[in-house]
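Q: Please take a close look at how the two chains of this predicted model meet. I would like one connected account that begins at the contact between them and then places it among the other parts of the structure.

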There are 2 protein chains.
Amino acid sequence: MLPIAVDAMGGDNAPSEIVAGARLAADEGIPVLLVGRPDEMGDTGDLPVIEASEVIAMDAEPGSSVRRMKDSSLVRAAEAVRDGAASAMVSAGNTGATMASALLRMGRIRGVSRPAIATLLPAPGTTPTVLLDAGANSECSPEWLVQFGQMGAVFATDRLGIAEPRVALLSIGEEAGKGSPLVKEAYKALAEAAFRQGAFIGNVEGRDLLTDAADVVVTDGFTGNVALKALEGSMKTLITALLTSMSARPEAIEAADVLAPEFDALYRQFHPDTYGGAMLLGVRGVCIISHGSTGATAMKNAIGMAAEMVEAGVVDHLAAAVGGTG
Amino acid sequence: MLPIAVDAMGGDNAPSEIVAGARLAADEGIPVLLVGRPDEMGDTGDLPVIEASEVIAMDAEPGSSVRRMKDSSLVRAAEAVRDGAASAMVSAGNTGATMASALLRMGRIRGVSRPAIATLLPAPGTTPTVLLDAGANSECSPEWLVQFGQMGAVFATDRLGIAEPRVALLSIGEEAGKGSPLVKEAYKALAEAAFRQGAFIGNVEGRDLLTDAADVVVTDGFTGNVALKALEGSMKTLITALLTSMSARPEAIEAADVLAPEFDALYRQFHPDTYGGAMLLGVRGVCIISHGSTGATAMKNAIGMAAEMVEAGVVDHLAAAVGGTG
């Protein structure tokens with residue numbers, strides 16, 4: 001396998017934690033190369049480096065930054081995939097700029113109208129739920145949502161091993177007639193669409209996201225991003241409230257200590273880093289988008305996920321799934 | 001104060017729990033009247049009853065049901081407010097039909113384009129966040145979102161005692177340029193709008209809903225409903241996962257017992273019933289919409305909230321706040 005190109009400069013903890021994560025992945029046998037400023041990377045072990053002199057800031061405007069900063073680590077990482085020097089790119093940097101770099105340098109898969117961000121939501125007791133679009137397209141057409149469903153099904157199979165994924169549409173009621181005009185149109189289009197694997201099962205609601213109600217949930221990038229962040233926020237709020245409430249009584253503090261293994265397991269299960277990152281589906285290459293807060297372990301997981309997706313041949317599967325609709 | 005009209009037939013636990021809740025409220029000195037089928041209500045104490053022979057089912061189509069079932073408990077409750085026999089209506093029944101009854105029988109406040117559902121989200125350590133629209137209008141114009149902001153500010157003052165509410169717009173980034181076309185337009189309109197109390201403070205994201213970031217968060221009813229249900233679902237999922245994880249080890253079960261007071265307090269803090277229900281803002285009367293799962297205590301709280309809103313004069317305040325824009 002060609003190496004995974006890691007944007008060493010992207011993320012709140014870059015470059016030190018990113019480089020550390022890359023080295024952990026390499027220790028597990030995954031070929032990795034780093035992209036960025038060599039003199040800022042610290043000890044890279046003997047990992048190969050592609051030099052890039054510029055860094056797109058976390059809060060920079062994505063489109064113009066990517067067009068202007070041609071020697072940025074993000075643009076160079078995407079070019080490495082395009083040029084056959086790397087099999088995938090991974091970044092914890094500016095999400096919009098990561099998408100724009102991948103889109104402009106790798107290009108879209110033939111037939112794909114718009115790439116979408118697929119993210120995994122924990123569903124206790126069962127496989128995670130694939131949510132897309134988690135924020136790439138703040139306005140969508142019904143036809144794009146159909147492609148998101150087809151691409152999400154491929155991802156559910158390749159990433160989670162679900163042979164026949166159940167694809168649902170996010171709405172505000174289960175009946176076909178519920179929701180916004182976009183959702184009503186998308187419902188009809190999804191019901192008529194061809195799926196290479198899996199099938200459209202109808203609407204689900206916000207409360208179904210962390211359950212076994214569906215394997216893939218399709219929505220526009222605005223709603224998806226609001227829902228994803230609402231979920232992340234509620235987890236954080238609830239866990240903080242739990243810890244605070246248990247620190248007021250001596251007996252409670254003792255009991256909480258006893259429960260540490262359970263709390264740890266729960267924390268890991270619901271932490272966004274657990275699944276290694278989101279994937280941009282629809283570009284001609286594997287592009288993994290990690291949280292800005294990614295540390296070494298999460299970066300190692302993201303690189304592992306990238307390698308897994310390359311080995312699974314997900315890009316070819318996406319092309320076949322979307323091409324199948326005409 | 002005129003009595004609060006309670007739809008005795010609405011909700012999963014109607015009429016027994018609803019009647020029980022109404023009696024609890026009456027015991028606390030709130031004037032209450034019941035609306036529905038007297039022979040199904042059981043022991044109503046000596047509460048007055050407005051007879052209504054029909055019941056709109058929880059899953060019935062709202063608009064046509066309200067138009068057709070003129071002797072339904074929901075329609076009669078709304079008429080009681082319109083006709084000056086009651087000061088407010090409360091129902092745990094079909095949400096859409098509750099809205100339609102209130103809208104068709106009470107009418108809109110002059111100047112209000114569309115009524116919106118305002119709901120309270122828990123924010124640990126501070127006052128709850130008012131979220132609207134939580135589901136009344138699945139498609140909105142920027143101007144409606146401005147009115148939602150003005151009405152939400154009134155509600156935050158009258159319901160939560162916040163003198164100068166901070167009104168924010170739900171988006172997928174804090175900058176003015178972030179979000180869907182609707183959100184970008186609404187941002188401009190909100191920034192230019194006059195507020196009788198409080199002020200527009202910009203965008204917030206999904207992760208800010210359960211925090212002190214804003215007092216009032218404005219969004220369209222589709223996004224609001226998805227976010228609200230995602231939050232409710234995540235609370236339920238996380239609490240279930242927590243309880244499940246603690247039941248596997250004998251030591252953990254013992255420790256969990258010690259923590260029962262903390263878990264109870266947390267459960268109450270995050271339970272949707274805590275705040276008594278949502279309020280339909282913009283109709284000419286107080287209309288409280290309770291969860292379908294409402295039991296006696298939650299119904300008592302909802303009736304208490306209705307009485308509080310009547311005493312505060314919220315409908316007059318809403319009229320003044322929205323009329324102020326032209």
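A: In this predicted model, 46 residues of chain A are in contact with 46 residues of chain B. On the side of chain A that touches chain B, the elements that give two or more residues are the helices α7 (221–245), α8 (250–258) and α9 (260–270) of chain A, and the largest share, 18 residues, comes from α7(A). Sorted by class, that side of chain A has 25 nonpolar, 13 polar and eight charged residues. Of the interface residues of chain A, 100% are also interface residues in chain B, so the copies meet through the same surface.

Turning to the domains, the assignment for chain A gives domain 1, which takes in residues 1–112 together with 282–314, and domain 2, which covers 114–273. The C-alpha centres of domain 1 of chain A and domain 2 of chain A lie 25 Å apart, and the contact between these domains takes 14 residues from domain 1 of chain A and 13 residues from domain 2 of chain A. On the side of domain 1 of chain A that touches domain 2 of chain A, the elements that give two or more residues are α4 (95–106) and α10 (296–312) of chain A, with α10(A) giving the most, four residues. By class, this side of domain 1 of chain A has nine nonpolar, four polar and one charged residues.

Together with helix α6 (residues 181–192) of chain B, the strands β7(B) and β8(B) make a right-handed β-α-β unit. Strand β7(B) is also joined by three bridges to strand β9 (residues 216–218) of chain B, again in a parallel arrangement, and here A168(B) stands opposite V217(B) of β9(B).

Two peptide bonds, one in each chain, deserve a separate look. As a general rule, most peptide bonds are trans. In chain A, however, a cis peptide bond with an omega of about -5° joins A14(A) and P15(A), and P15(A) is found in the loop between β1 (4–7) and α1 (16–27) of chain A. In chain B, a cis peptide bond joins L132(B) and D133(B), with an omega of about 5°, and D133(B) lies in the loop between β6 (129–132) and α5 (142–160) of chain B.

Note on methods:
Residues numbered from 1 in each chain as written. Chains lettered and ligands numbered in written order. Predicted model: local features only at pLDDT ≥ 70, side-chain atom pairs only at ≥ 80, totals over all residues. Contact = placed C-beta atoms within 7 Å. Nonpolar A, V, L, I, M, F, W, Y, C, P; charged D, E, K, R; others polar. Right-handed = clockwise from strand over helix to strand, strands pointing away. Pairing = 2+ DSSP bridges. Domains from an automatic or database assignment.
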